[in-house]
Amino acid sequence: MKKMLSVLLASAMAISAVGSLAACGKEDSKTIVVWAPQAAINGYESIIAEWKDANPDYKDYTVTFNAVDEGEVETKLNTDASNGADVFFFEAGQIAGLQEKNLLQNLGAEVTAEIKARDEESWYNPVMNGTTAVAFPTTADNGYFLWYDSTVFTADDVKSLDKMVEIAKEKDKNIMFDYANGWYLPTFWFGDAGCIMDYVEDDYVTDIDNDTGKAVAKAVNALLGPDNNKMKNGKPCIIKQSKDLNSEIGTGFASGTVAAGVIGTWVAEDIETKMSKDENNKPHDDYKRTDGATYDDIKCAKLPSLKVGTNDYQMGSFMGGKYCGVNAQKKTGNIAVSISLANFLTGERGQAKRFETTKAGPTNKKVAATSAVQENKALAALSAQNAAGGYLQLQQSSNFWTAWETFGNGIYAGDTTTKATLSETALMTALSTLATTIKT
């Protein structure tokens, strides 16, 4: 049996959830360790018994969940992969790095066929290695869109960022946008602007400094620069968080100071809580509004367009999913069991439970078609944004994030000597530097 397992592992062949390979003998661990985000663990734990019922050969196995943020998985596995989790959930941006280090178990033809039958193609394509998959699509919710206060903006207003800014300035309302973040700021260069920021084979390619990219930079400079970014009271209109964007948008809506924000689905619960009353009919401590607005008044939509010269460019966005991998470097002989468990946790039942528990957007076609998912306003807006200008976030260059942070902060602060909007020469120099830096 041990010889059979070593051959299977060496040839990267996998057994499906209903496969016939039994657990190995006494020397093999009967514990499967899973790294998952804290918010999802309770839901996953509640369905382990169902997995065992469907796979009686594995009923004696213990499944242990450890809370590990999906963004930290590659770093943790780099330390000692052989002692890492058997099964782990991770972000799309880590796919290439995990593959390069041979950390993702090839799932084989049978499991790949299951994935292709149940998941959307756009979500399984990133983890295809030739004709077989190396990870399971898990969620389709890693992206951003517009949250807005419908007591300030109409549905027509939020189609244009220029219109929104005009209204917000007049009403002394803030728009929250993390302009010093390489995940958010490229939104202006994606979408209709059509700029690219990605690896093509082994070379990083970007054209953010082409003629269109330069025109976009001018529009962003006019939008964010200190000369123009002022409300009627003289304070900045578009602002980033002081510490935590995830909580400050909800606090801003609840206090009435924020009229819109660019972020993802994960803030829904926080916004709803801060815009609601408790069981004693007492409003949340952050709620300071006098108009009685509730969570129902906070709407979601795809990102607006930006006026660039004479063109209205639909803003794009990074989009990405979460995936589940099986550790190819584990030496316990539990590859088949791990694949079976990962397959179940990311199948229809597992994705339905994760949506129920965390409201994570599913990649599973059946779960995505349910009324609960279809009626979720945040997921509907994310879907609309992905369709209008989603840009799949995979691996980025090592200098990508800090370079965009520097660029965004520079525009917002203006010229360092005059404290005014950057001159065109300074702006183009900064854009050229940004393009060069993220290629290295």
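**A tour by selection**

Select Val-200 first: opposite this residue, in β10, stands Asp-203. This is a predicted model, in which local features need pLDDT of at least 70 and side-chain atom pairs count only at pLDDT 80 or more, while totals for chains, interfaces and linings use all residues. Residues are numbered from 1 along each chain as its sequence is written, and side-chain values use heavy atoms, with hydrogens and water left out.

Strands (E, at least two residues) and helices (H or I, at least four) are DSSP runs numbered from the N terminus; two strands pair if DSSP finds at least two bridges between them. Two residues lie between the strands of this hairpin, and Glu-201 takes a positive phi near 60°.

Next, display the open sheet of five strands, ordered β11-β8-β12-β7-β13 with mixed pairing. Its edge strands, each pairing on one side only, are β11 (238–239) and β13 (298–301). Strand β8 (residues 174–176) runs parallel to β11 and is joined to it by two bridges; Ile-175 stands opposite Ile-238 in β11.

Axes are lines fitted to C-alpha atoms, for helices over the stretch in contact (heavy atoms within 4.5 Å); angles run from 0 to 180 degrees between N-to-C directions.

Move to α17 (residues 400–413) and α18 (residues 424–438), which pack at an angle of about 170° with their axes 9 Å apart. Helix α17 is therefore roughly antiparallel to α18 (angles over 145 degrees count as such). Among the residues making the contact are Phe-400, Trp-404 and Phe-407 of α17 and Leu-427, Leu-434 and Ile-438 of α18.

Keep Trp-404 selected. Leaving aside neighbours within four places in sequence, Trp-404 is in contact with Gly-182, Leu-185, Pro-186, Trp-189, Met-197, Ile-208, Leu-434 and Ile-438.

Finally, which residues have the most contacts inside the largest nonpolar core? They are Trp-147, Phe-153, Phe-188, Trp-189, Ile-208 and Trp-404, in a core of 79 residues. Such a core is a set of buried (under 20% relative accessible area, 1.4 Å probe, protein chains only) Ala, Val, Leu, Ile, Met, Phe, Trp, Tyr and Cys residues joined through side-chain atoms within 4.5 Å.

Definitions and conventions:
Buried < 20%, exposed > 50% of the residue type's maximum accessible area, 1.4 Å probe, protein only. Parallel < 35°, antiparallel > 145°, perpendicular 65-115°, else oblique.
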